[in-house]
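Dear colleague,

I am passing on to you the structure we discussed, with the sequence beside it. Please open it first, and then read the notes below with the model in view.

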Amino acid sequence: MNRIISFIAMASILGCSNMCAQKMNVQTAPQRPKLVVGIVIDQMRWDYLYRYQKRYTDNGFKRLLREGFSCENTALPYVPSVTAIGHTCIYTGSVPSIHGIAGNNFVKNGKKVYCTDDDAVKPVGTTSHAALMSPRNLWATTIGDEMKIASNGRAKVVGLALKDRASILPAGHNPDGAFWFDDKTGNFVTSSYYMNKLPKWVEKFNDSKQPAHYLSGKWNTLYPKDTYTESTADDNAYEDGIKKGVKPTLPVDLPALYKKYGYSIIRNTPFGNSLTFDFAKVAIDGEQLGADEETDLLAVSCSSTDYIGHQVGTHAIETEDTYLRLDKAIADFLSYLDSKVGKGNYLVFLTADHGAMNNAGFLQDRRIPAGSWDADATAEKLNGELAKEYPNVGNMVKTVMNYQVFFNLDVIKKNNLDYGKIKQNTVNILKEDSCVLYACDMEKTATESIPEEVKYRIINGYNRERSGGVEIVLKPNYYAHGMKGTDHGAWNPYDTHIPLVFMGWGIKHGATTRQTFMTDIAPTVAALLHVQAPNGCVGKPIFDSDDNQ
């Protein structure tokens with residue numbers, strides 16, 4: 001009898017244990033969204049979230065702020081603040097010193113290279129050299145790479161943009177696809193690094209000739225031009241035309257320009273962003289992103305805002321109109337995600353790769369110190385001055401790029417010269433330039449008398465294999481750009497203060513003005529998904545474990 005009672009008791013205990021274990025497994029299994037969507041708006045200053053807000057729809061930027069969590073004080077923790085580094089930083093949580101992407105262009109093995117060039121691949125979807133691209137120059141993993149590893153390859157990862165680097169670098173090393181726009185054909189293309197043939201859904205989209213459709217009518221203002229009160233007059237000295245000889249005013253005769261210049265024209269119109277979101281919808285459907293229980297990732301970048309900003313600056317009617325149209329495109333895309341993936345089933349973040357300075361002439365007319373600085377002329381001057389002390393050895397400065405001086409190391413080595421002394425001589429010459437605020441040997445930045453806000457960005461941006469030897473910091477509102485349009489690349493808030501809004505799965509409404517960084521985006525997504533952060537990540541999750549779960 002006792003043995004029977006003992007058996008029943010033991011069975012009860014084991015049954016309870018099994019039930020508890022099953023319950024624990026259910027409770028502790030990580031909950032994840034079906035889809036993560038990263039939206040990067042190229043050259044979007046943080047203040048654009050609010051400058052045009054009275055004209056934004058309720059369901060675009062306003063919806064993101066109303067339903068999401070906004071990090072109002074997010075900054076880039078490095079220089080130079082350019083597109084390739086920004087997109088890489090967002091998805092790796094890392095900085096140039098570690099991830100290896102030291103600029104849109106940088107020096108590799110003594111030669112100037114473009115960040116994603118790869119002659120070892122073949123073009124797919126075109127015969128153009130524009131498709132000879134890959135992420136092989138990227139040293140670190142992305143959040144997409146880590147999602148792939150964590151899911152044993154089941155997670156799908158796709159990157160897309162007009163710009164190749166804005167698609168390739170976010171998508172990482174092992175995506176299901178990265179696609180970018182080819183000016184020659186008007187198609188979205190890829191390279192043999194990813195696949196040998198375009199997927200059927202990409203071919204079908206290309207066959208629809210959407211770029212030609214968008215270029216079939218004039219670019220006019222969305223609303224009456226006289227209501228664009230946040231912008232300067234349409235005809236002014238601060239802006240460049242869409243092409244040389246074209247007046248920088250709206251409307252723009254797109255059909256005539258398309259006939260003359262081809263598909264490339266769409267990059268400099270707000271319809272490039274519309275085309276990008278059209279393609280993003282097709283990608284979600286074609287790749288069945290968010291269709292199963294495994295979390296997928298779609299990295300979308302809107303490039304036209306950058307092309308237009310460089311052309312006309314930060315206070316043009318064209319810029320205002322572009323953001324008003326972008327707001328509508330985002331509203332439509334979010335609505336598509338609601339219906340396709342399900343509201344609450346996806347996590348979206350919106351940010352930018354960098355900001356932009358106000359046009360120098362625009363600032364001068366308002367009695368604010370500003371100006372243009374010539375990098376090529378500076379390189380020529382440096383070579384002339386250095387030749388006085390080191391005659392008959394040739395040019396020691398190869399180029400001035402990314403606000404850095406790149407030296408001809410072969411010449412210096414061949415002549416057995418003291419590289420450290422040459423860098424110091426260069427620093428001394430640069431300090432005589434009235435536009436220059438600081439100059440330093442990049443290997444000695446930590447000991448320079450430079451404010452910490454500037455210093456740590458130089459250190460983070462310095463890659464010993466790919467950066468220059470001397471860093472140049474210009475005075476505020478000076479840039480390596482002409483007097484038309486605008487540029488970026490510096491440490492200042494106008495170039496490094498970016499929007500960052502999370503919305504959707506796992507996110508509670510709110511905002512913070514505490515300091516956050518671009519490097520915090522990837523580890524935040526990783527923490528929300530319960531996957532490992534990328535292997536070069538230096539950022540920290542923005543939310544505490546109980547903040548948004």
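Two helix pairs

Helix H11 (residues 271–286) and helix H13 (residues 317–342) have axes that come within 9 Å and cross at roughly 10 degrees. Axes here are lines fitted to C-alpha atoms, for helices over the stretch in contact, and angles run from 0 to 180 degrees between N-to-C directions. H11 and H13 are therefore roughly parallel to each other, on a scale where angles under 35 degrees count as roughly parallel, over 145 as roughly antiparallel, 65 to 115 as roughly perpendicular and the rest as oblique. Helices (H or I, at least four residues) and strands (E, at least two) are DSSP runs, numbered from the N terminus.

Before going further, please note that this is a predicted model, in which local features need pLDDT of at least 70 and side-chain atom pairs count only at pLDDT 80 or more, while totals for chains, interfaces and linings use all residues. Residues are numbered from 1 along each chain as its sequence is written, and side-chain values use heavy atoms, with hydrogens and water left out.

On the H11 side, the contact is made by Phe-271, Asn-273, Phe-277, Ala-280, Lys-281, Ile-284 and Asp-285, and on the H13 side the residues include Leu-326, Ala-329, Ile-330, Phe-333 and Tyr-336; contact means heavy atoms within 4.5 Å. By class, the contact of H11 with H13 has 10 nonpolar, 2 polar and 5 charged residues, where Ala, Val, Leu, Ile, Met, Phe, Trp, Tyr, Cys and Pro count as nonpolar, Asp, Glu, Lys and Arg as charged, and the others, Gly among them, as polar.

In the second pair, helix H15 (residues 375–389) and helix H17 (residues 419–430) pack at an angle of about 125 degrees, with their axes 10 Å apart, and that angle makes H15 oblique to H17. H15 contributes Thr-378, Leu-382, Glu-385, Leu-386 and Glu-389 to the contact, and H17 contributes Lys-421, Ile-422, Asn-425, Thr-426, Ile-429 and Leu-430. Sorted by class, the contact of H15 with H17 has 5 nonpolar, 3 polar and 3 charged residues.

Leaving aside residues up to four places away in sequence, Thr-426 touches Leu-382, Leu-386, Val-405, Phe-407 and Val-470.

The sheet and strand E11

An open sheet of 10 strands, with mixed pairing, runs in the order E6-E9-E8-E7-E10-E1-E11-E19-E2-E20; two strands pair if DSSP finds at least two bridges between them. The edge strands, each pairing on one side only, are strand E6 (123–124) and strand E20 (510–512). Helix H7 (residues 164–171) packs on the sheet, where it touches strand E7 (157–161), strand E8 (177–182) and strand E10 (296–302), and its direction makes about 175 degrees with that of E8.

Strand E1 (residues 35–41) pairs with strand E11 (residues 346–351) in the parallel sense over 6 bridges. Within E11, Tyr-346 stands opposite Leu-35, and Leu-350 is the bridge partner of Ile-39. E11 also pairs with strand E19 (residues 500–504), in the antiparallel sense and over 5 bridges, with Leu-500 of E19 as the bridge partner of Thr-351.

In a regular strand the side chains alternate between the two faces of the sheet. Both faces of E11 are covered, with Tyr-346, Val-348 and Leu-350 buried on one side and Leu-347, Phe-349 and Thr-351 buried on the other. As 6 of the 6 residues of E11 are buried, this strand is largely enclosed by the rest of the structure.

Other buried places

Helix H4 (residues 83–92) is likewise largely enclosed by the rest of the structure, because 10 of its 10 residues are buried. Just after H4, Gly-93 takes a positive phi of about 70 degrees.

Arg-63 lies in helix H3 (residues 61–67) and counts as buried at 5% relative accessibility. Its contacts, not counting residues up to four places away in sequence, are Asp-58, Gly-68, Leu-334, Ser-335, Asp-338, Lys-343, Tyr-346 and Met-503.

Asn-206, in helix H8 (residues 200–207), counts as buried at 6% relative accessibility. Asn-206 and Gly-125 are 81 residues apart in sequence and 9.5 Å apart in space, C-alpha to C-alpha.

With best wishes

Notes. Buried means under 20% relative accessible area, exposed over 50%, partly exposed in between (1.4 Å probe, protein chains only).
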